[in-house]
Amino acid sequence: MNKVHHQHARRLSLWLLLTPFVLWIGLLVLLPHLQMLRVSFQVRESWDSVTWGLDQYAHFFTEPYYWRTFLRTGLMSLLTMILTLVVAFPIAWYIARLARGRARGWLFLACLIPFWASELVRTYGWMILLRESGVFSALLQWFGFAPTEMLYNDVAVVVGLVYNGLLFMVVPLVTTLDGLDESLVEAGYDLGGGHFTVMREIVVPWAMPGIVSGCIVVFMLTLGSYLTPTLMGGKDSAWFTQQIFTQFITRFNWEQGAALGILLLLLSSLMIWLGLRLTGQSLRKVMG
Amino acid sequence: MIRSVPHSPWFNRIYGLYLVIFFVYLALPLLMTVVFAFNDSPFPSLPWQGFTLDWFVADPADGTRTGLLHDQGLLSALGNSAMIALWVTLLSVVLGTVNAVLFERLQFRGKELLYLVMLLPLVIPGVILGVSILVFYSGLANHVSNQWGIELDMFRPSMSLVVMGQVSFITTLSTLVIAARLRKFDPHLEEAALNLGATPWVAWFTVTLPWLRPALMGAAAMAFLMSFENFNTTVMLTGSDTPLTVALFNRLREGSTPVLNAVALFLMVASALLALVATRGDKNAEA
């Protein structure tokens, strides 16, 4: 009797706890995405009738502007991800292995501070520095150069995107490098390895979970970024999210917007899957 | 590369220089934003014209400048952001707590799979989370309106839709923070309470919940901050009550004045305070 009662209570508590989870993930994540997928296959015939078809996806492949921007966004996100890793690694190494005592805490805090401000504030800061009436240009003029526009080009966009991604790279790197046993590194040198060999054979394999986790987050944030490319990019630096925005908000062409959204989602999922696959990591280990 | 392996002085010098350049790169944009909030010039740029507090306090009735405190547009946007952030914080911390208990304390079939599903919002770009919710709910509102003539305004671009969009991914983050703390809880404590005659509810509220308090505070501060600063999801869902980040973005596209620097400074100080609350919560959680 008691046992049955106990089992009953357990079932009840499971359902009670499962319901909010299912409502949240179902109503706010799964159903909206399924609906977006459905809409992306809808073709508008007249104002009140639709049929099914691949028209929106066909547009994407036949309209060079779409797929070129798609490709460009993907490649620039990849470039940003690699640059962020290269810039962040020595910093993370210093914080995790070389800094002592309080310096360590302070340096880590210094990396965190810019990320307490929003992406908008950080991007605005770069605009003040880089634009023609900006600080760098004023300094150049002081040295006798002509006013220079450094904003509104691809380099500016990448500088801004790397800046925005840094924290998400530094933190996982510091966390994994922190656990590295230095005697392994010493052993590498004792066995005759040079700096490069020790780095490649010992440090990088050890840091791999951190590298993958940082790269995934930075790539995804960059790919889905709208603010930085819009404010810092020029006429030719279109970003794919801008096209999604245009379809939804400016043109009210939800069907096309949904198809573009699905394509972006596919690209980011594919890259994440590849990243995990190539390095033998699991999503749970990297994210959870 | 490590302390016990000596390096050439050149390597160390270059490494040191790199560190200095990196931290200058990190600090410069924010420093400049702060400095120009106090520049007595209508544009946030050099040359320095002297110190002023106009961009915070100037009353348009007294002159040509409008300080942050008198800028109705920005102030109401600030209010909208605060309202949205409060709702998002409340919802995502409650949901996060329930999820944490679900995944840390119960055993059931398909748990691993559901855990992965729970992590999904972290790997979906924010813009996509926003448009999918727009498509689903605004589409639903249109459909209901056409079919039955009932207007579901909360499902049209508005503050409620922004809250829904933000809760979709902030809940995952709060779940992770709270679950990490719950994992370290010793279930014997709860059993002791039960043995001493407490009902499961009393044991939960008097033993487990106080243990979770630092994580709940940390998750709440983080949720508030993430909501307040979010742009990518919000911009797709906002209606006429624009939150601060979207209002600032629109202003920035029209051209910038030092009022924006004043707002930026305010945002930095406010988020730094919140972040302190969040990290203190974390530290207590580690103790």
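**Exercise 1. The interface of the two chains**

Task: Find how many salt bridges the rule gives across the interface of chain B and chain A. Then describe the contact and the buried area there.

Solution. 
1. Across the interface of chain B and chain A, the count of salt bridges is zero. This is a predicted model.
2. Next, count the residues. On the chain B side, 82 residues are in contact with 85 residues of chain A.
3. Now take the area. The size of an interface is often given as the accessible area lost when the parts come together.
4. Chain B and chain A bury about 7,800 Å² between them. Carbon and sulfur atoms give 79% of that area.

**Exercise 2. The fold of chain B**

Task: State how many helices and strands chain B has. Then say what share of its residues count as buried.

Solution. 
1. Chain B holds 11 helices and zero strands.
2. Written along the sequence, its pattern is α-α-α-α-α-α-α-α-α-α-α.
3. Chain B has 287 residues, and 53% of them count as buried.
4. Look at contacts in chain B with a separation of 6 or more. Residues 24 or more positions apart account for 66% of these.

**Exercise 3. The domains of chain A**

Task: Name the two domains of chain A. Work out which residues of domain 1 lose the most area to domain 2.

Solution. 
1. Chain A splits into domain 1 (1–40) and domain 2 (58–287).
2. Their C-alpha centres lie 35 Å apart.
3. Five residues from domain 1 of chain A and seven residues from domain 2 of chain A make the contact.
4. About 480 Å² is buried between the two domains, 87% of it on carbon and sulfur atoms.
5. On the domain 1 side, M36(A), V39(A) and S40(A) lose the most area to domain 2. Together they give 78% of what that side buries.
6. Between these two domains, the count of salt bridges is zero.
7. In an unreviewed entry, UniProt lists residues 70–275 of chain A as "domain: ABC transmembrane type-1".
8. That span is 79% helix and 0% strand, and its end C-alpha atoms lie 19 Å apart.

**Exercise 4. The nonpolar cores**

Task: Identify the residues with the most contacts inside the largest nonpolar core. Then list what L102(B) is in contact with, leaving aside neighbours within four places in sequence.

Solution. 
1. The largest nonpolar core has 164 residues. I244(A) and L102(B) have the most contacts inside it.
2. Domain 1 (1–40) and domain 2 (58–287) of chain A each supply at least three residues to this core.
3. With those neighbours left aside, L102(B) is in contact with L14(A), L17(A), L18(A) and F21(A) of chain A, and with F108(B) of chain B.
4. There is also a second, separate core of seven residues. Among them are V212(A), M220(A), I272(A) and L283(A).

Definitions and conventions:
Residues are numbered from 1 along each chain as its sequence is written. Chains are lettered from A and ligands numbered from 1 in the order in which they are written. This is a predicted model: local features need pLDDT of at least 70, side-chain atom pairs count only at pLDDT 80 or more; totals for chains, interfaces and linings use all residues. Side-chain values use heavy atoms; hydrogens and water are left out. UniProt positions are given in the numbering used here, feature names are shortened, and annotations may be inferred rather than shown by experiment. Helices (H or I, at least four residues) and strands (E, at least two) are DSSP runs, numbered from the N terminus. A nonpolar core is a set of buried Ala, Val, Leu, Ile, Met, Phe, Trp, Tyr and Cys residues joined through side-chain atoms within 4.5 Å. Buried means under 20% relative accessible area, exposed over 50%, partly exposed in between (1.4 Å probe, protein chains only). Domain bounds come from an automatic or database domain assignment. Contact means heavy atoms within 4.5 Å. Buried area is the accessible area (1.4 Å probe) that two parts lose on being put together, summed over both. A salt bridge is a side-chain nitrogen of Lys or Arg within 4 Å of a carboxyl oxygen of Asp or Glu.
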